[in-house]
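Below is a briefing on one protein chain, arranged by topic. Please look through the sequence and the coordinates before reading the points.

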Amino acid sequence: MEPIELKEPLNESRQCSEEDVQQVFVKKSEKQKSAESGGKIIWRGANAMMSLFFVMASGVQFNDPDPFLWVPLYGTAGILTATITIRPNLSENKIWRCAYWIHAIYCVGMFVYVLIALVAVATNPQADGSLNPLTYEEGREMAGIMITAIWLFICKQSPTISSSTEQKSTKKRSMLVASVLLLSLFPLMLWALCYSDVMSSSYISLCSDFYFDEFSF
């Protein structure tokens, strides 16, 4: 019996399989590019909202007796987040990182300063004895410092986070994006709730510093 030659069909099947693999890779790359572009849009939007919050927070500091302490803290944060809104990869720049570290050191100093003031006020015999730090002005100021420091740290780590998420599944990436978006919405939502009847009537002492004529973050 003569041997059957199957060279041409095998070659054709190999060519077809290679084309299928290439098409799969093209589809994956297209999906990855669309996901990356969507992630950048959300990241820019989140930084835009935080920039708005920092600008509003720094603007109302002129009603306080010490605006020279708080305006640089929120103003610098607003500038740094605004630059990320315009160019998301700018956090890798040396000048941006230098400004970040200077601001981070300033935040640490302000946190220690406010913490000492909070302890002094809370231990004062004339204080109401509340264990909730947010009932004191100094406690709310600490919350503002923490929000600022945490968000700018996320901005600094954004290139590392984005490169690591490329290796993760779509669900984990979506959860991370949703978490960042909710975190950026939280300060503005809290500010808006304090102007509503729900928060202003139930937590008057907590919201007293959120009004433009008395805001003291």
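The model is predicted. The protein chain has seven helices and zero strands, and 30% of its 217 residues count as buried.

**Overall fold**

- Along the sequence the chain reads α-α-α-α-α-α-α.
- The whole structure contains zero disulfides.

**Helix 2**

- Helix 2 covers residues 67-86. With 20 residues, helix 2 spans 28 Å from its first C-alpha to its last, close to the 28 Å expected at 1.5 Å a residue.
- The buried residues of helix 2 are Pro67, Leu69, Trp70, Leu73, Tyr74, Ala77, Gly78, Leu80, Thr81 and Ile84.

**Packing of helix 2 on helix 3**

- Helix 3 runs over residues 94-122, and its axis lies 11 Å from that of helix 2, at an angle of about 145 degrees.
- The crossing of helix 2 and helix 3 is left-handed.
- On the helix 2 side, the contact is made by Phe68, Leu69, Trp70, Pro72, Leu73, Thr76, Ala77, Leu80, Thr83 and Ile84. On the helix 3 side, the residues are Trp96, Ala99, Tyr100, His103, Tyr106, Cys107, Met110, Tyr113 and Val114.
- By class, this contact of helix 2 with helix 3 comprises 16 nonpolar residues, three polar residues and no charged residues.

**Tyr106**

- Tyr106 belongs to helix 3. Apart from its neighbours within four places in sequence, Tyr106 touches Phe68, Leu69 and Leu73.
- The C-alpha atoms of Tyr106 and Leu69 are 9.7 Å apart, and the two residues are 37 residues apart along the chain.
- Tyr106 counts as partly exposed because its relative accessibility is 29%, which falls between the 20% and 50% cut-offs.

**Cysteines**

**Val60**

- Val60 sits in the loop between helix 1 (7-59) and helix 2.
- Val60 is buried because its relative accessible area is 4%, under the 20% limit.
- From Val60 to Trp70 the C-alpha to C-alpha distance is 9.7 Å, at a sequence separation of 10 residues. Trp70 is itself among the buried residues of helix 2.

**Glu141**

- Which helix holds Glu141? Glu141 is in helix 4, which covers residues 137-165.
- Is Glu141 buried or exposed? Glu141 has a relative accessible area of 8% and therefore counts as buried, again under the 20% limit.
- Glu141 and Leu118 are 23 residues apart along the chain, with 9.5 Å between their C-alpha atoms.

Methods:
Residues are numbered from 1 along each chain as its sequence is written. This is a predicted model: local features need pLDDT of at least 70, side-chain atom pairs count only at pLDDT 80 or more; totals for chains, interfaces and linings use all residues. Side-chain values use heavy atoms; hydrogens and water are left out. Axes are lines fitted to C-alpha atoms, for helices over the stretch in contact, and angles run from 0 to 180 degrees between N-to-C directions. Helices (H or I, at least four residues) and strands (E, at least two) are DSSP runs, numbered from the N terminus. A crossing is left-handed if the near helix is turned anticlockwise from the far one by less than a right angle, and right-handed if clockwise. Contact means heavy atoms within 4.5 Å. Ala, Val, Leu, Ile, Met, Phe, Trp, Tyr, Cys and Pro count as nonpolar, Asp, Glu, Lys and Arg as charged, and the others, Gly among them, as polar. The expected span of a helix is 1.5 Å times one less than its number of residues. Buried means under 20% relative accessible area, exposed over 50%, partly exposed in between (1.4 Å probe, protein chains only). A disulfide is a pair of cysteine sulfur atoms within 2.5 Å.
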